[in-house]
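I opened this notebook to record what I looked up in the structure shown here.

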Amino acid sequence: MHRTIIQDLEQIVGTTGVLSSAEDLLLYEYDGSVEEAHPDAIVFPRRKQDVVEIVKLANRHELPIVGRGAGTGLSGGALARRGGIVMAFSRMNHILEVDPENQRAVAEPGVVNLDLSRAVEKYGLYFAPDPSSQKSCTIGGNVAENSGGPHTLAYGVTSNHVTGLELVMPDGKVVQLGGRTRETPGYDLTGLMVGSEGTFALLTEISVRLLRLPEDVRTLLAIYDSLEDATDSVVDITARGITPAACEMLDGWTLRAVEAYVHAGFPLDSAAVLLMEVEGVREAVEAQAAEIAEVCLGHHAREVRRARDAGERVLLWKGRKEAFGAIGRVSPSYYVLDGVIPRTKLTPTLRRIEETSQRFGLIIGNIFHAGDGNLHPLILFDHRDADQLHRARAAGAEIMQLCVEMGGTLTGEHGVGMEKNELMPLMFSDADLDLMRKVRAAFNPLGLLNPGKVLPLGKGCGETRLQPFSVSASGEA
Amino acid sequence: MSQVVTSLASRLGDLVGPGRVLVDMPSLAAYGADGRRPSAAVLPGSVAEIAGILRFASAERLAVIPIGGGTHLGIGMPPRRYDIALDLSGMNRILAYEPHDLTLGIEPGITCAGLDRKLRESRQFLPLAPPFAQRATLGGIVAAAADTPLRYGYGTARDFLLGIEFVTGEGIVSKSGSRVVKNVTGYDLHKLFVGSLGTLGVITRLNFRTFPLPPHQKMFVFGFADRSSAFDLCRAIMNSPLHPRLLEVVDPGTADLFAVHGANFLNRDSWFAVVEATGHEAVLERHARDLASMSRQAHAAEFIALEESQRNQLFACLSEFSPIALAAAPAATIFRIAALPSAMPTLLEQIRSLADDHALKCAILIRALSVVYVALLPPADANLFPALIGCSDQVIDLCISSGAAPVIERCPLEIKIALGVWPPPGNDHEISQRLKCVFDPHEILSPGRFRGGL
């Protein structure tokens, strides 16, 4: 990047607000995915006006801009695929307003997810979306990706909790969408904006609703000798009309890797565990916990343990939320997938994933949100071995295709980013994708915001087009 | 019949086959919207036919309004043009229903009541209890963002609509979202369709998350001498561990209307809070206990746990608030006002005082502490329109200055013409205009009904 542009950026945010040396830029070539891309400069706005001025500057020089929170994303959403400026929001990290009476908060995009919940805990409130990375990921990133988490089974994903947004459009104009009330007259632009992966506009303020902390929580761990019994339990729990707040599964390989690191108490000889949580008023929690235990035992669970106190609960959840860290100890690299399938298809899908694992000669662990069918197969590989990386990507593509074939989707909460954009034709026709392109252009006509993400890059250069599963083939849209 | 209409009928007949195009005046009267009648109504039987009709209409620049049960056709501004009524009532199949996955795919023309019967066979339901439920179709409910008394517990259609298939104004079949309960693949275009009044496309399939029927339910009613005590109770519930699925407040004017419709156990001079809890017996007992205690603290004059039949009557009244108000006063002007709970008590006092100033009866329903419905109820006397217009105008100004977002949901045409039904567009209007242009570049879909003249 030309030195004068760096100087212009420094004029806006000060010399401590811009990074451009090769070693500094290296840190921003990655996020939580297996992708990488090289930015030309990193800039740290502190206020809305900084964002406006940076956007205008980028426009003048036709430079791409990529918004970035904590860089914990799992689909390459915060990487500068076409170079340009990475706008890192870590210094716009103020909670602007907490309104306990109306159970609302307004935050800047760089506020860390868990910090928001901690700030409102004294009012008995919390922000419901809880991605595993919630200790470091930001609200802005959550909005961009429409993040989920284990407890979204009962409380919904980010879009169910965002009521309004303030945006800086790609031309520098500041626009307000929605508000603090849960509905506003007009098109639901807030709903469209959430999950648009930074390709429409940049966020400067986010209005969210807060939920009341539950009176009681019960955490159960069901231990199985067979994976099928675990998946059958999940289907049966739903069939009985029970909606746990969370319902997570770890297969045998994964729970052993996690146990070695976290010591959560997962039995090493089991084939699967289900980690479930019920929340609410005391009486409801007791009844549901008893019912869940009955279902699991009916499906041959070896044992159903209940966390006896907050310490045990935290430990069990540590086994879930720090699982990816545990995998990092046993494999130089891993590739996390995020497909969703109808929960009744869990058993055949896991069987097919096991076949894929054997065929590609790679270990694939499974740790996932079983309650809503959101799989997270973890493909282990060594990134120093080009052949292994190639096989990991190919196995990943095959599993994602499998999810769509089962009637599901490519991604449940990690986003499309630059990881899955070329797989979009598995789900969407050319007409669908053309319409999405036009919608993106309605916000971002020059394509300078987060280019190369979400949508396939084009049909040129002999690129192979994937066939969508058509309405006629599956009998369903 | 004019030559133009004959030719239109014949062109549409080529697209859908004979017998599914209506051009006679008595039939077309049923498709009227704000005094306008279409030149033809067409009843497509498939997505391909709808696409064909819209390609034709787009090429000929003919304005099309998609219609289900016709129960929400009066919402929004009068259409600028109206040539073809696209009657979707025949597209009423359940396309996929997997009770164990809690997912459902349907055509848009199925009625809410019909679908509810089907889902109950599997002990499931959709938490939509819109007005006119016997006739309202799911496509129409979504397009009109029809509200439900169950929103406190379950949210609105926006929260459990998983995806849609639709046809754009150019006749292109497209889709958004998915059929599974969690998905972030691609842009959530279907969010735009909720409440879009048929201005972006014709919905041809809706995918929903379904919900298990609760094992038991119990409705409780609290009577109060004044408004502020009713809100004290609501605040106490909001700040308690209880999570009822229904929380509504009705004023004496609404209690009066409901009493005529079977809920005669409501004392007509009181404000009422209505709460419904669900769950196992122990959960309901806990609610009864805690609510009784809250009722004492909020100085409730009465606290009743309703019998099943009373519950059903009151639930029907709550969901049918608008039809009940319109039955009482055909010229009723009904506002849907999104507001924060803390703003509601003062806003209501001021609105009631405005109604008094204009000698208008008024009925108020507060839904889920999210939306206030205000019905101004003029007697059947056209001379009263100036008072109705004056009062409505002041209500709109008051709401906007209080930070609330008002829409006039139902009113006589005279009010629409005098005041408009939408608040002035915000600084996001340019984005809405561009999106309208993407989905419907020739402005043939329900032109002019939406906010900002879209």
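The entries below go from the overall form of one chain to its interface, and then to single elements and residues.

**Entry 1: standing of the model.** I note at the outset that this is a predicted model.

**Entry 2: chain A as a whole.** I began with the secondary structure of chain A, which comes to 16 helices and 18 strands. I then looked up the extent of the C-alpha trace and found that it spans about 70 × 60 × 45 Å along its principal axes. I asked myself which radius of gyration a compact globule of 477 residues would have. Of the 477 residues, 57% count as buried. I also looked at contacts between residues at least 6 apart in the sequence of chain A: 70% of them join residues at least 24 apart.

**Entry 3: domains of chain A.** The domain assignment gives domain 1 (3–90), domain 2 (95–212), domain 3 (216–325) and domain 4 (331–441). I looked up the separation of two of these, and the centres of domain 1 and domain 3 of chain A, taken over C-alpha atoms, lie 41 Å apart.

**Entry 4: where the chains touch.** I found 68 residues of chain A in contact with 65 residues of chain B. On the chain A side, the elements that give two or more residues are strand S9 (174–178), helix H7 (189–193), helix H8 (227–239), helix H10 (282–298) and helix H15 (430–443). Which of them gives the most? It is H15(A), with eight residues.

**Entry 5: Ile139(A).** I placed Ile139(A) in helix H5 (residues 139–145) of chain A. Is Ile139(A) buried or exposed? It has 29 C-beta neighbours inside 10 Å and therefore counts as buried, the threshold being 20 or more. Leaving out residues up to four places away in sequence, I list its contacts as Ala107(A), Pro109(A), Val111(A), Asn113(A), Leu116(A) and Ile206(A).

**Entry 6: helix H9 of chain A.** In H9(A) (residues 252–262), I found these residues buried: Gly252(A), Trp253(A), Thr254(A), Leu255(A), Ala257(A), Val258(A) and Val262(A). The buried residues of H9(A) pack against several elements of chain A, among them strand S13 (246–251), strand S14 (272–280) and helix H11 (310–321). After H9(A) comes His263(A), and I note its positive phi, near 55 degrees.

**Entry 7: a sheet in chain B.** I turned to an open sheet of four strands in chain B, with the order S1-S2-S4-S3 and mixed pairing. Its edge strands are S1 (21–22) and S3 (64–67), each pairing on one side only. S1(B) runs antiparallel to S2 (residues 40–42) of chain B, joined by two bridges, and Val21(B) has Val42(B) as its bridge partner. Helix H1 (residues 3–16) of chain B lies across S1 and S2, at about 5 degrees to S2(B).

**Entry 8: strand S12 of chain B.** Seven of the eight residues of S12 (residues 217–224) of chain B are buried. I recorded two antiparallel partners: S14 (residues 271–278) of chain B, over eight bridges, and S15 (residues 302–305) of chain B, over four. Phe220(B) has Val275(B) as its bridge partner in S14(B), and Phe222(B) stands opposite Phe303(B) in S15(B).

Key
Residues are numbered from 1 along each chain as its sequence is written. Chains are lettered from A and ligands numbered from 1 in the order in which they are written. This is a predicted model: local features need pLDDT of at least 70, side-chain atom pairs count only at pLDDT 80 or more; totals for chains, interfaces and linings use all residues. Two residues are in contact if their C-beta atoms, placed from the backbone, lie within 7 Å. The radius of gyration is taken over C-alpha atoms; the globule rule is 2.2 Å times the number of residues to the power 0.38. A residue is buried if 20 or more other C-beta atoms lie within 10 Å of its own, exposed if 12 or fewer, and partly exposed in between; C-beta atoms are placed from the backbone. Domain bounds come from an automatic or database domain assignment. Two strands pair if DSSP finds at least two bridges between them. Axes are lines fitted to C-alpha atoms, for helices over the stretch in contact, and angles run from 0 to 180 degrees between N-to-C directions.
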